[in-house]
Amino acid sequence: MTDIVIQKVDPEHIKNLPDALGNLLKRCVDNGASVGFIQPFEYQEARHYWMSTVVPAVERSQILLWVAMLKEQVVGTVMLQVSMLPNQTHRAEVGKLLVDPDCRRMGIGRRLMHQVEEGALQAGKLLLTLDTRTGDVAEPLYHQLGFRTAGVIPDYCKRPEIGSQILDATTYMYKRID
């Protein structure tokens with residue numbers, strides 16, 4: 001979709017986004033996304049996550065953040081943790097690839113991931129890593145983009161549905177980008 005604009009969020013403007021990012025995160029979790037939160041999941045909790053965790057990290061340039069915009073509305077996001085331990089400065093970790101449930105299957109996730117790769121290369125990174133719920137809708141996308149499975153950890157996280165005690169596996173993936 002050509003109306004989608006992908007923008008890198010600079011540290012000066014990150015504080016303008018927690019409301020929109022909170023709404024996006026809540027919608028994704030409410031629709032079953034396994035991104036660290038479980039239902040019931042309130043908007044204030046989602047907004048707090050962005051304000052307390054992501055905003056400070058973006059301001060310190062520890063995380064790079066991109067958003068997908070459709071007519072002034074945030075419909076997707078992805079982050080790249082570039083601040084790593086001294087023996088891992090050659091790699092970065094992809095996190096929170098989120099696409100609004102009403103905007104899926106439009107290529108937004110793919111475009112966000114391409115921006116992540118470009119940003120990682122510009123930051124001097126040679127290796128990307130990520131994890132995703134095994135069998136999740138994002139897993140085939142990562143494979144299509146050249147990510148390889150490093151391994152699967154069983155019983156890694158609870159399903160996000162209210163009251164679920166089911167534990168899902170997570171798949172760790174990597175991609176060399178040098």
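Student: What ground rules apply?

Tutor: This is a predicted model: local features need pLDDT of at least 70, side-chain atom pairs need pLDDT 80 or more, and totals for chains, interfaces and linings use all residues. Residues are numbered from 1 along each chain as its sequence is written, and side-chain values use heavy atoms, leaving out hydrogens and water.

Student: How many helices and strands in the protein chain?

Tutor: 4 helices and 7 strands. Both are DSSP runs numbered from the N terminus: helices are H or I with at least four residues, strands are E with at least two. The order from the N terminus is β-α-α-β-β-β-α-β-α-β-β.

Student: What is the radius of gyration?

Tutor: 16 Å, which agrees with the value near 16 Å for a compact globule of 178 residues. That rule is 2.2 Å times the number of residues to the power 0.38, with the radius taken over C-alpha atoms. The C-alpha box along the principal axes is roughly 40 × 40 × 35 Å.

Student: What percentage of residues count as buried?

Tutor: 47% of the 178. Buried means under 20% relative accessible area, exposed over 50%, partly exposed in between (1.4 Å probe, protein chains only).

Student: Switching to cysteines. How many disulfides?

Tutor: The search of the whole structure finds 0. The criterion is a pair of cysteine sulfur atoms within 2.5 Å.

Student: Which cysteine sulfur is closest to that of C28?

Tutor: The one in C103, at 9.8 Å, so too far for a bond. C28 is buried, at 1% relative accessible area. C157 is in no disulfide either. Its nearest cysteine sulfur is that of C28, 16 Å away.

Student: Now the backbone. Is the peptide bond from Q39 to P40 cis or trans?

Tutor: Cis, with omega near 0°. P40 sits in the loop between α1 (18-30) and α2 (43-59). Most peptide bonds are trans.

Student: What about phi of E72?

Tutor: Near 70°, a positive value in a residue other than glycine. E72 lies in the loop between β2 (63-70) and β3 (73-81). Its relative accessible area is 77%, so E72 is exposed.

Student: And where is D155?

Tutor: In strand β6, residues 148-158. Phi of D155 is also positive, near 50°. D155 counts as exposed, at 53% relative accessibility.
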